[in-house]
Amino acid sequence: MAAPPVQAYKTLVKELQYHNHRYHVLDDPVISDGEYDRKLSLLQSWEHAFPDLIDDDSPTHRVGGRPLSEFSQISHSVPMLSLENAFDSDALMDFDRRIAERTETQENVNYVCEPKLDGVALSLLYRDGVLERAATRGDGMIGEDVTANAKTIRSVPLRLQGDSLPNLIEVRGEVYIPHEGFELLNAEADRLGDKKFVNPRNAAAGSLRQLDSRVTASRPLVMSVYGLGILESTVKPKTHFEMLTYLKQLGFLVNSHTYLAANIFQCESFYEQLAKQRSSLPYDIDGIVIKVNSLEIQQRMGAVLRSPRWAIARKFPAQEEMTRLVAVEYQVGRTGVITPVGRLEPVFVGGVTVRNATLHNQDEIARLDLFTDDTVIVRRAGDVIPKIVRVVKEYRRANASLIEFPQQCPVCGSEIEQVPDEAAVRCTGGMRCPAQVKQSINHFVSRRAINIEGLGDKLVEQLVDRDHVKSFSDLYRLDLVILCSLERMAEKSSKKLLKSIHASRDTSLSKFIYALGIREVGEGCAQILANRFQSLEALIAEPLEKLTEIEGVGPVVARHIVDYFAEPKNMNVIDELLSIGLNCHHKVDKENSSRPLAGQTWVLTGNLDSMSREGAKGILKSLGAKVSSSISAKTTKLLVGSKAGSKLEKAKLLRVPTMQEREFADLLVSHNVYPEHKTEI
Ligand code: 9MJ
């Protein structure tokens, strides 16, 4: 191979740096991955043949180099400080008061609010625009030289951009692993039989401190910057916000949720707002950092011990806490699915006191390797159901015994069977199982089903236990004498309940179909069926093949529907309900155009945790959206679940907006739609 002209080499380096920045910092690539890889290979082959060419800022450094035997130490010329914490609003107000006192000002102090990324701090030193050295925080005074590792992080510029390059700049920020990358990393560890990482922060810390930078290169690390150590430049920012803007211009990634607040109250509102968004962000944050905006005031305030006086971290409640498992109980759901639930010693986590955590199914109990009395780590993120993430085996008691899943239904003693293609098991007792009867009735009377106000689960429990109610139609035969005989039911409340039972007879076809509790027929699907058939008779008469073809139904749900109506006991229940005067005529839906998502086209990708894809499709349609199976430039939104496929790539390419499941759940709640959850607790 003939040596390329030095200029051609340098141009290619620059070109690759540009595309790297577009992809990893701006999230807005202009060439395909394949094209990038081809250009990189060309550079690699040049460097291989002519090593003298290699520049310090060559993108080939990003794949890692030869392993080190140890890290050398680096002394921070400006100490890398940590932050004081504020755990409540009062502590924040105190912070604001202290600043006002020290600066002797009566006026509001401006602040910059940044998400507090939960990763590891890193310092980057650039001389004449080229990355010279990267160091961990260490004890704040002395850190470790992790330059080769930092070079593998795609959002770390190897060379700075723009015309006003500083002679010397030391930039500080947080290195973290976004959720998506973390899931992939752990899936890979699982596949290889390696130990999985406990959380993204540990994974980021471990990845940054690898002696073999090729290992670091294989980890999906991101670095977002938020501060300066040294600056020797003609550009002299006066405020923290100006400084962040400058860093952005130089090619660094600065978190997009950075906010300039006019006073401390706006900081508090920003905190509240970000706390709500926290669970839908694609990376972990554990609070917000509030910094005085004026660099001159920052300078004057200085630091106390190891924290600057001009900044404070307003922390979110911890999402993981340790507690003790008191017992495991087994709930039998409406369709007989048996869900183990961990009863816990109460613990404050994620902003609430948690007493129960779902254990999902027997596989989950086996995965956790759960013993009686175990000390466990409970996680509650956002408003999702609390979950036991792992057991602290070091604290296991000597006489603890393995928790074993029951072999019979814990309520009625019937045989249990495996649900095909799922980890769940189900009680085969059907309506002979009191738990299933109670849950079916609870579902039937619920607000979004037949809606009998005032008939809560405690009353249903008594009615079933005392044999007053065995099936839906028995509800309509209840009288004042029976109701008054129940605990905590006086005449007035009994009369009120009778009235709402009577009123519930006038319902709609979709609510009635939903209320029946046919397996996997949620609200969205019931709406689709009602719109399509307009009468119960027509639905019952529909053959399997035809049902299967309906969009939003599919073969599995169609089978459940046909099986349900083929069961004489179910048909008896329906006949009885109709004969006592239940009116379930199809109520014509509001005009499509007035529905909230009218005119929109949605596409789904990946698995949704909290609902089935079919359910999500049904709901989208009931809100007026069209649901398509392929992405195009006309797609309004891509709903992204876990293990999202190529549709996500295509959406990025076509700049189709995406929405994560958490945001979607919030959207549904804002339209008063509460999907059937996959997990019951
Ligand atoms: C994090 N962790 O996101 C600081 N941090 O500022 C932000 N940490 C910090 N700022 C001074 N956004 C010391 C630490």
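Visitor: Is Cys-267 buried or exposed?

Guide: Buried means under 20% relative accessible area, exposed over 50%, and partly exposed in between, with a 1.4 Å probe and protein chains only. Cys-267 has a relative accessible area of 0% and is buried. The model is predicted: local features need pLDDT of at least 70, side-chain atom pairs count only at pLDDT 80 or more, and totals for chains, interfaces and linings use all residues. Residues are numbered from 1 along each chain as its sequence is written, and side-chain values use heavy atoms, with hydrogens and water left out.

Visitor: How many disulfides are there?

Guide: A disulfide is a pair of cysteine sulfur atoms within 2.5 Å. By that rule the count is 0. For Cys-267, the nearest cysteine sulfur belongs to Cys-113 and is 3.6 Å away. Cys-412 is likewise in no disulfide, with the sulfur of Cys-427 as its nearest, 3.6 Å away. Cys-412 is partly exposed, at a relative accessible area of 27%.

Visitor: Which residues surround the ligand?

Guide: A residue is near a molecule if one of its heavy atoms lies within 4 Å of it. The surrounding residues include Leu-81, Leu-83, Pro-115, Glu-174, Tyr-226 and Lys-291. The shell divides into 6 nonpolar, no polar and 4 charged residues; here Ala, Val, Leu, Ile, Met, Phe, Trp, Tyr, Cys and Pro count as nonpolar, Asp, Glu, Lys and Arg as charged, and the others, Gly among them, as polar.

Visitor: Which polar side-chain atoms lie by a nitrogen atom of the ligand?

Guide: A side-chain atom of Lys-291 is 2.8 Å from a ligand nitrogen, and one of Glu-174 is 3.4 Å from a ligand nitrogen. A ligand oxygen is 3.3 Å from a polar backbone atom of Pro-115. Taken alone, the ligand exposes 340 Å², of which the protein buries 89%; these areas come from the Shrake-Rupley method with a 1.4 Å probe.

Visitor: Which element gives the most residues to the shell?

Guide: Helices (H or I, at least four residues) and strands (E, at least two) are DSSP runs, numbered from the N terminus. Strand E3 gives the most, with 4 residues.

Visitor: What is the phi of Asp-128?

Guide: Most residues other than glycine have a negative phi. Asp-128 has a positive phi of about 50°. Asp-128 sits in the loop between strands E4 (120-127) and E5 (130-136) and is exposed, at 53% relative accessible area.

Technical notes. A polar contact is a pair of N or O atoms within 3.5 Å; within protein, one must be able to donate a hydrogen and the other to accept it, and residues adjacent in sequence count only if both atoms are side-chain atoms.
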